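Trainee: I'm new to this one and would like a quick tour. Can we put it on the screen and talk it through?

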Amino acid sequence: MKTNHTKVLATMFMAFALSAASYAGSKADKTVKIRMIETTDVHGRFFPYDFINQQPTDGSLARVSSYVDSLRTIYGDRLLLMDAGDVLQGQPVVTYYNYEKTDVENIAASVSNFMRYDVQTMWGNR
């Protein structure tokens with residue numbers, strides 16, 4: 001059964017919105033602006049280097065992390081960082097931590113924690 005990432009993210013957003021609305025309580029006239037950033041299909045591209053083709057690459061979570069950090073200076077805790085899946089496959093580094101070096105924290109978890117993701121789906125559609 002395939003999961004529709006849009007529906008999952010919409011459900012998570014609604015839950016967030018409802019909790020924010022209940023938190024506001026009597027301050028219903030106050031507007032809270034949030035910024036939502038979503039990544040998907042990272043495929044283990046944590047670093048700006050393609051280890052399979054042995055060449056630098058532009059797209060990576062290192063680049064996204066810099067962008068998110070710049071937005072956090074503006075939005076603070078009103079920034080919601082989400083990922084829609086497919087992070088645990090692709091580059092050799094994720095294969096190594098998924099199947100070989102399983103006695104330590106997975107690098108995907110380390111990167112997610114470092115970037116302070118609020119919501120993350122580790123696997124994509126199968």
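Trainee: Let's start with helix 2 and helix 4: are they roughly parallel or roughly perpendicular to each other?

Mentor: Keep in mind that this is a predicted model. The axes of helix 2, residues 61–75, and helix 4 cross at roughly 20 degrees and come within 10 Å. Angles under 35 degrees count as roughly parallel. Helix 2 and helix 4 are therefore roughly parallel.

Trainee: And what is the handedness of the crossing of helix 2 and helix 4?

Mentor: Two packed helices are described by the angle and the distance between their axes. For helix 2 and helix 4 the angle is roughly 20 degrees. As for the hand, the crossing of helix 2 and helix 4 is right-handed.

Trainee: Which residues in helix 4 do Leu 61, Val 64, Ser 65 and Arg 72 meet?

Mentor: Those four sit in helix 2. The residues of the contact of helix 2 with helix 4 divide into five nonpolar, one polar and one charged. On the helix 4 side, the partners are Val 111, Phe 114 and Met 115.

Trainee: Now the strands. How many residues of strand 4 are buried?

Mentor: Leu 79, Leu 81 and Asp 83 point one way from strand 4, while Leu 80 and Met 82 point the other way. In a regular strand the side chains alternate between the two faces of the sheet. Strand 4 covers residues 79–83 and is mostly covered, and the number buried is five of its five residues.

Trainee: In strand 4, what is the bridge partner of Met 36?

Mentor: Strand 1, residues 35–39, pairs with strand 4 in the parallel sense over five bridges. In that pairing, the partner of Met 36 is Leu 80.

Trainee: And in strand 5, what is the bridge partner of Met 82?

Mentor: Strand 4 also pairs with strand 5 in the parallel sense, over two bridges. There the partner of Met 82 is Val 119.

Trainee: Where is Gln 54, and is it buried or exposed?

Mentor: Gln 54 has a phi near 50 degrees, a positive value in a residue other than glycine. Its place is the loop between strand 2 (49–50) and strand 3 (55–56). Over 50% relative accessible area counts as exposed. Gln 54 has 61%, so it is exposed.

Trainee: What is the relative accessible area of Arg 116?

Mentor: Arg 116 lies in the loop between helix 4 (107–115) and strand 5 (119–120). Arg 116 has a positive phi too, about 60 degrees, although it is not a glycine. Arg 116 is partly exposed, and its relative accessible area is 48%.

Technical notes: Residues are numbered from 1 along each chain as its sequence is written. This is a predicted model: local features need pLDDT of at least 70, side-chain atom pairs count only at pLDDT 80 or more; totals for chains, interfaces and linings use all residues. Side-chain values use heavy atoms; hydrogens and water are left out. Buried means under 20% relative accessible area, exposed over 50%, partly exposed in between (1.4 Å probe, protein chains only). Two strands pair if DSSP finds at least two bridges between them. Axes are lines fitted to C-alpha atoms, for helices over the stretch in contact, and angles run from 0 to 180 degrees between N-to-C directions. Angles under 35 degrees count as roughly parallel, over 145 as roughly antiparallel, 65 to 115 as roughly perpendicular and the rest as oblique. A crossing is left-handed if the near helix is turned anticlockwise from the far one by less than a right angle, and right-handed if clockwise. Contact means heavy atoms within 4.5 Å. Ala, Val, Leu, Ile, Met, Phe, Trp, Tyr, Cys and Pro count as nonpolar, Asp, Glu, Lys and Arg as charged, and the others, Gly among them, as polar.
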